[in-house]
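Biologist: Could you take me through this model term by term, setting each value against the cut-off that it has to meet?

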Amino acid sequence: MKEDIIKNIVDNYETPAYVFDIKTLKSRISYLKASLPKNTKLCYAIKANTFIVKDIEEDVDRFEVCSNGEYEICKSKKINGNKILISGINKDDKLINRIISESDIRFFSIESMSQFEALKNQKENVKILIRITSGNQFGINEEECKKIIEKRALYPHIEIVGLQYFTGTQKNSIKVLKKELDYMDSLIEEIECNYNFKIKELEFGTGFPVHYFSNENFDEDSFLKEFSELLNNCKFKGNIILEIGRSMVASCGIYLTKVVDKKINKNERFAIVDGGINHLVYYGQFMAMKIPQMEIFPKRDNNDTEIWNICGSLCTINDILVKKIEVSNLQVGDIFIFKNTGAYCSTEGISLFLSRDLPQVLVNDINDNIKVVRKITPTYNLNM
Ligand SMILES: Cc1ncc(COP(=O)(O)O)c(C=O)c1O
């Protein structure tokens, strides 16, 4: 984000705050599209960041929506129902009935046989993706999937569009991704051959990696080139739609937190900020051992630096955002800007601890107008 926009935010808005920049987000999506084979489609897993969903409705092909709460968010933002896949575990008859009766969403993933039963009992036509398990609580076994496909004539109102496969996040290894794609490719071939059935679509959850810390080297261009080759080499020539959260939105976000106090305890320098680990969760961070990509505002030269520990405002010794970073002339009132906080940071923290307020959320729109999409929100009323 440009320096003048950050200055505007620092001058005019309170901290702690997340800022999501829509121009950065849109160019990130364009980059992903340009780096992947032309026919690959993108499904945004909205759990990664629900604040920006409406801003990218035209930029992605589908939204993966995984809970009643996420559905309500899409409803209130008037997201086109044809773009939504209702996915995830724990979607019971009541939720499915309600969604079908009050919206035009007709596309569901199957995560269990009881979810399939709930859809079987519907009178409306519905489309499904069958999620294949990778051996955890998600999806169903291959055998159950095959049984549904074998008996499809019994359920004429259910259109089986294809399969969904997602095994986890932060997939760095092309070798692992190849193994997963090969597995799905063979399974699709087997199903098509044995059941005389055409799989139209594979929704593949890549969990593309995001590199958060300052000493990491990641050649994303090469990674995406190699992954694209894997896609091109699939025998399956139907629709491939990639389910992506983190890698799409992480880079559009920054988190701002202000230094409110400083001290030297037993020869170690501690800066206390108004945020903390209740707001800022980086995947792979452990006891603040790694240094995220971050800056201080106002900017400094690097003369006469001192070593500081940056601590949040919770009553726990674990509330350290960064250990032992060099800062020149640190002052109360300085703002630390943590980068790559567009995915999960605003939801994965222990946000009710100590009844601290939730940070405000700002969106910098395509015309560089800043909108407050969530005010600083007290949590004490949830804890009494
Ligand atoms: C089913 C499913 N799809 C997509 C995603 C998004 O993963 P990521 O944010 O790593 O891209 C998740 C993350 O938990 C998921 O469970």
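Modeller: Two strands are said to pair if DSSP finds at least two bridges between them, and the strands themselves (E, at least two residues), like the helices (H or I, at least four residues), are DSSP runs numbered from the N terminus. This is a predicted model, in which local features need pLDDT of at least 70 and side-chain atom pairs count only at pLDDT 80 or more, while totals for chains, interfaces and linings use all residues. Residues are numbered from 1 along each chain as its sequence is written.

Biologist: What makes β16 and β17 a pair, and in which sense do they run?

Modeller: DSSP has to find at least two bridges, and β16 and strand β17 (residues 370-374) have four, in the antiparallel sense, so they are called paired.

Biologist: Why is strand β16 called largely enclosed?

Modeller: A residue is buried if 20 or more other C-beta atoms, placed from the backbone, lie within 10 Å of its own C-beta, exposed if 12 or fewer do, and partly exposed in between. In β16 (residues 360-364), four of the five residues are buried, so the strand is largely enclosed by the rest of the structure.

Biologist: What makes D368 stand out in the hairpin of β16 and β17?

Modeller: Most residues other than glycine have a negative phi, and most peptide bonds are trans. The phi of D368 is near 60 degrees, a positive value in a residue other than glycine, and D368 is found in the loop between β16 and β17, a hairpin with five residues between the strands. With 14 C-beta neighbours inside 10 Å, D368 counts as partly exposed.

Biologist: Which class of exposure does N196 fall into, and why?

Modeller: N196 counts as exposed because it has 8 C-beta neighbours inside 10 Å. Its phi is also positive, at about 45 degrees, although N196 is not a glycine, and its place is in the loop between α7 (174-195) and β8 (201-205).

Biologist: Where are the cis peptide bonds, and what are their omega values?

Modeller: One joins T15 and P16, with omega about -10 degrees, and P16 has its place in the loop between α1 (3-12) and β1. Another joins F297 and P298, with omega about -5 degrees, and P298 is in the loop between β12 (294-297) and β13 (305-311).

Biologist: How do you know which residues belong around the ligand, and how do they divide by class?

Modeller: Of the 13 residues around the ligand, A45, T169, G207, G245 and R246 come nearest. β9 (239-244) and α9 (246-249) each supply at least two residues of this shell. The shell divides into four nonpolar, six polar and three charged residues, where Ala, Val, Leu, Ile, Met, Phe, Trp, Tyr, Cys and Pro count as nonpolar, Asp, Glu, Lys and Arg as charged, and the others, Gly among them, as polar.

Biologist: What makes two domains of the chain, and how many residues of each are in contact?

Modeller: The bounds come from an automatic or database domain assignment, which gives domain 1 (36-244) and domain 2 (251-382). Their C-alpha centres lie 34 Å apart, and ten residues of domain 1 are in contact with 14 residues of domain 2. The side of domain 1 that touches domain 2 has six nonpolar, four polar and no charged residues.

Biologist: Why is the radius of gyration said to agree with that of a compact globule?

Modeller: The radius is taken over C-alpha atoms, and the globule rule is 2.2 Å times the number of residues to the power 0.38. For 384 residues the rule gives a value near 21 Å, and the chain has 23 Å, which agrees. The C-alpha atoms fill a box of roughly 75 × 45 × 40 Å along the principal axes, and buried residues make up 36% of the 384 residues.

How values were computed
A residue is near a molecule or strand if its C-beta atom, placed from the backbone, lies within 6 Å of it. Two residues are in contact if their C-beta atoms, placed from the backbone, lie within 7 Å.
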